[in-house]
Amino acid sequence: MMFPVRLSFQLAISPAEVTNASLKSFLPDLNIGTEADLMKAASEWPDAVILVKDWKNQLPNLRLEYPVEIHFPHFPGRIVGNEAEMRPIKLALLQRLSAFFECDAICCADDFHREDKGIPTYLLEETFLCRRGQVLSMPINESLVNEGYRHRDGWQAVEGLPSILVDHRGKLIDHDSAVSALANWIATRDQTALSQRDLTDLIHPEPPIATPWEDRPKPTEAEIEAEIAEEFPTEEELDEEDRQLTTHFERLNAWERGFGTTPAKQLLEDGISLPPPDHLKDEKLTEKLWQVIRGLAENHIYLQSTDHLSDRELYVWLWEKALSDDIMSAAGLPDSAVHFDILGSGDEASKNISLIHYDDAEQRADWHASWPDDEIPAHIDPPHDRDSHLPQREDQ
């Protein structure tokens with residue numbers, strides 16, 4: 001299994017300093033595209049897609065030390081079957097970004113560990129910091145670092161790290177040597193501090209300035225009662241939850257024993273007729289289709305991925321297939337539902353339709369990474385706009 005490459009770095013810099021022009025100067029020979037390029041056929045994809053996130057603008061209430069994220073979501077032309085090549089590129093880009101923008105830069109270092117002393121690598125959290133050409137490390141994740149948290153020992157110099165360089169396309173200058181040197185460093189590095197880390201060793205950032213208690217408006221009796229009612233359900237509400245849960249499992253058990261129901265049976269019991277598709281002209285068929293869709297929703301049955309089908313095609317699919325499926329009745333149970341995904345069969349035709357009409361840029365790149373020999377067709381907007389108008393569960 002292969003995966004598209006995703007490399008993320010956070011910079012202590014003003015968002016205004018990171019522009020398309022500066023990124024093109026950063027790697028001038030790299031064919032840089034936008035996320036929209038990944039909606040084209042795979043043969044038209046650029047070497048890399050780079051996005052910039054301004055977290056300071058998106059999360060104004062958080063005090064972030066590294067407000068800009070440089071995100072390389074996909075390197076479609078560099079998809080490999082393992083992490084061996086991307087680790088040195090990630091480290092080289094960290095150093096290059098720090099030098100180019102003349103600022104501190106951090107990145108997640110969770111994939112620079114080996115499994116050791118019975119501790120799985122996914123439990124070893126670490127962040128790399130590049131400052132004036134020197135790579136430092138701290139045994140906490142980069143999100144906490146960005147919010148101002150620190151380990152009590154602070155940043156520690158990373159010892160013995162091999163020198164790794166990339167060219168103006170982001171390619172390793174000495175590929176085999178870089179991959180081998182970094183792999184050897186990971187295999188032999190001292191992980192004692194990581195394996196012995198303790199969350200109690202974290203130093204918390206200064207808390208945000210709060211409104212003095214005496215200056216806060218006092219809640220009214222009604223507001224207090226509403227807050228209590230929201231936090232603590234009444235006995236009647238608890239009894240109703242128990243009843244619904246019992247009913248859910250009774251119906252599930254009945255369905256598993258072959259005593260379920262069908263959408264058609266539920267609709268007919270609700271007085272909704274189901275004439276064959278060829279008995280309906282187009283105008284009447286559309287009217288009937290939406291009556292069926294609303295009737296299904298009343299019984300907590302919902303549809304998705306329908307925009308590639310005409311009204312007639314969807315009604316035929318319902319009449320010939322979905323309405324006769326054996327299901328558990330979710331009617332009257334607010335927390336239960338049945339979902340029919342038109343593309344849920346997983347066959348080749350459904351996968352291709354999903355690639356063309358429904359998958360977003362990242363899903364398409366994921367597909368190309370997993371099955372690089374498969375042709376990825378260009379995206380085409382589905383011919384109909386129905387899904388956005390379909391009934392949905394209230395909690396969605």
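In which sense do S1 and strand S4 pair, and over how many bridges? S1 and S4 (residues 68–74) pair in the antiparallel sense over five bridges. Two strands count as paired if DSSP finds at least two bridges between them. Helices (H or I, at least four residues) and strands (E, at least two) are DSSP runs, numbered from the N terminus.

Before I go on, a word on the source. This is a predicted model, in which local features need pLDDT of at least 70 and side-chain atom pairs count only at pLDDT 80 or more, while totals for chains, interfaces and linings use all residues. Residues are numbered from 1 along each chain as its sequence is written, and side-chain values use heavy atoms, with hydrogens and water left out.

Back to S1. Within its pairing with S4, Ser 8 has His 71 as bridge partner. S1 (residues 7–11) also pairs with strand S5 (residues 105–108), again in the antiparallel sense, over two bridges. There, Gln 10 is partnered by Ile 106, and Leu 11 stands opposite Ala 105. S1 is largely enclosed by the rest of the structure, because four of its five residues are buried. Buried means under 20% relative accessible area, exposed over 50%, and partly exposed in between, with a 1.4 Å probe and protein chains only.

These strands belong to an open sheet of eight, in the order S2-S3-S4-S1-S5-S6-S7-S9, with mixed pairing. Its edge strands are S2 (32–33) and S9, each of which pairs on one side only.

Next, S11 and S12, which pair in the parallel sense over four bridges. Asp 341 in S12 is the bridge partner of Gln 304.

Now helix H10, residues 282–298. Its 17 residues reach 24 Å from first C-alpha to last, close to the 24 Å expected at 1.5 Å a residue; the expected span is 1.5 Å times one less than the number of residues. Its buried residues, among them Leu 285, Leu 289 and Val 292, pack against helix H9 (263–269), strand S11 (301–304) and helix H11 (311–320). After H10 comes His 300, with a positive phi near 60°.

In H9 sits Gln 266. Why is Gln 266 counted as buried? Because its relative accessibility is 6%. Beyond neighbours within four places in sequence, its contacts (heavy atoms within 4.5 Å) are Thr 261, Asn 299, Ile 301, Ile 327, Ser 329 and Ala 331.

Last, the largest pocket. It is lined by 22 residues, of which Ser 137, Gln 156, Arg 189, Asp 190 and Ala 193 lie nearest its centre. S7 (134–138), S9 (156–157) and helix H6 (192–195) each supply at least two lining residues, and H6 gives the most, with three. By type, the lining has seven nonpolar, six polar and nine charged residues.

Note on methods
On a 1 Å grid over the protein atoms alone, a cavity is a set of points where a 1.4 Å probe fits but cannot get out, and a pocket is an open set with protein on both sides within 12 Å along at least five of seven lines; lining residues have an atom within 4 Å of a point. Ala, Val, Leu, Ile, Met, Phe, Trp, Tyr, Cys and Pro count as nonpolar, Asp, Glu, Lys and Arg as charged, and the others, Gly among them, as polar.
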